Amino acid sequence: MDWAREHERYWTFAGCVAFAVLSLILTLAVSVWFVLPLVLFVALSLVGVYDVTQSSHAILRNYPILGHMRFIFEGIRPEIRQYLIESEKDEEPFSREARSLVYQRAKQDESSRPFGTQERVYEAGYSWLTHSIAPTQLDEQDFRVTIGGPDCKQPYNASLYNISAMSFGSLSANAILALNTGAKKGGFAHDTGEGAISRYHREGGGDLIWEIGSGYFGCRTEDGRFNPDRFAEQAALEQVKMIEIKLSQGAKPGHGGMLPGSKITAEIAEAREIPMGVDCISPAAHSAFSTPIELLQFVAQLRDLSGGKPVGFKLCIGHRREFMCIVKAMLETGITPDFIVVDGKEGGTGAAPLEFANHVGMPMVEGLTFVHNALRGAGLRDRIKIGAAGKITSAFDIARALAIGADWCNAARGFMFAVGCIQAQACHTNHCPTGVATQDPLRQRALDVPSKAERVYNFHRKTLHALAEMAGAAGLSNPSEFLPRHFMVRQKDSEMAEMDRVYPYIREGALLDDADDFPDFRLRWKRARADSFRSVD
């Protein structure tokens, strides 16, 4: 009995062998139709033989054939959790409620909800908009912001909500084309990501924000350094409305990247201007500059080479003192970027090491508040526009970001949902089930460009319509008027506070005088230097 219990894990294997032998006998003695179970059980028996002889997986050696169930269930675990287990509010990383809102707006389905909120309104962290007894009606819903400082010759009149950086190569050709075609119809911008301007960006005809990463794709020399002549040629394209230098991204700040040569297609090589079959490296740091002053000189160089188009940079905040080094360099050189995009660490379209995705970088709300206040303290806020990115999918998300310091917002995964992403979290495997994040020609063929482009347009339009309704409910005439005092946040289960107490604006020019207010800002300001990212200590 003990022997049987000890070896019962092999019963499945033994049963398959026994049924294979029985099927062979029945095939020879009774009917050729028994060849079908014969093939099945012989195949399973061969799998069992492989399992007990291989050395890679202990589970398969101990549980031949049966052990494969573990890997099957592990493979479909995200789908089981998403469709059968998680609630409307579970965020893995986006809740079903958030995804459904995007799908409904993209498809022009009813997005209202019956029977009240599912939010836990009395728990710490819950926030809400304070409405007015005298609401207003906003007829204009195509809200815009002009981006371009005093040195900009071609300012851009941007939408308050745009497509954030996602490269061709990370996303499929059909996804890029659908996003850009929708942006063209809706009159909003599409950030190229650091993978450069592809033929699919150009084919869509939508406004582009050209992102320049450390690999200088689309404007690089053969050895991977910045090529001014090639940059000027690309920047002259009518579609290119702004140029964005990527210092870091929310998913993996401070980390470079590599696209293996085996994954580089002819179209990716064409867009990035890299050779086929060679690993494509994105260094962690730029080679065109190494100090705050050099960064701003690079900004000025790109602005000049582009004919005066808006030039700025994107970053996820890390060492706050280092950002203040850049601000001090602005004051010393007189060079200011036209815009700064603050990417929260919750951003995540690109695959990233788990430690970086979970524990490196500052979340968007805190990063945005810090950048806004650092510029206010230095007296530069009116020269520089600020964009915000990081899980911004609803009108409330946009309104809150505008209140705490943003001039406009970007979204990546929200627009991915609009073109059909189901949050399968297979972006890095090339096996995306909806054709959004894959280079497999058969998989991406499933993504119909005209219909998905229409959904991108619908999602943007209906989100801004909802933003207009929220601004009207607060008694405002434009969403740009949102301030922290229009929001409340519950800090403890029994305590609530106006958001301007939680995320206050510091005084304009406060860092330029000798007062003793805002001590945390002043401490970092004293340690910052314009000629280096190192501390003065």
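The charged end of Lys 391 sits over the ring of Phe 94, at 5.0 Å from the ring centre. A charge is counted in this way if NZ of Lys or CZ of Arg is within 6 Å of the ring centre and within 35 degrees of the ring normal. Arg 272 likewise lies over the face of Phe 217, 5.1 Å from the centre of that ring. The model is predicted: local features need pLDDT of at least 70, side-chain atom pairs count only at pLDDT 80 or more, and totals for chains, interfaces and linings use all residues. Residues are numbered from 1 along each chain as its sequence is written, and side-chain values use heavy atoms, with hydrogens and water left out.

Rings also meet one another. A pair of aromatic rings is described by the distance of the centres and the angle of the planes. Rings of Phe, Tyr and Trp (its six-membered ring) pair if their centres lie within 6.5 Å; planes under 30 degrees apart count as stacked, over 60 as edge-to-face and the rest as tilted. The whole structure holds 20 aromatic pairs. One of them joins Phe 226 and Phe 298 edge-to-face, with 5.1 Å between centres and 85° between planes. Phe 226 lies in the loop between β6 (207–212) and α10 (228–235), whereas Phe 298 belongs to helix α12 (residues 292–305), 72 residues apart. Helices (H or I, at least four residues) and strands (E, at least two) are DSSP runs, numbered from the N terminus. Both Phe 226 and Phe 298 are buried, a term that means under 20% relative accessible area, with exposed over 50% and partly exposed in between (1.4 Å probe, protein chains only).

The rings of Phe 396 and Phe 487 form a further pair; their planes stand at 70° and their centres are 5.7 Å apart, so this pair is edge-to-face. Because Phe 396 lies in helix α16 (residues 395–403) and Phe 487 in strand β14 (residues 487–492), the pair ties together parts 91 residues apart in sequence. Phe 487 has 0% relative accessibility and counts as buried. Helix α16 is mostly covered, with 7 of its 9 residues buried; among them are Ile 398 and Leu 402. Just after α16, Gly 405 takes a positive phi of about 140°.

A positive phi also follows helix α19, where Gly 475 takes a value of about 80°. The 25 residues of α19 (residues 449–473) should span 36 Å at 1.5 Å a residue, and the end C-alpha atoms are 36 Å apart, which agrees. The expected span is 1.5 Å times one less than the number of residues.
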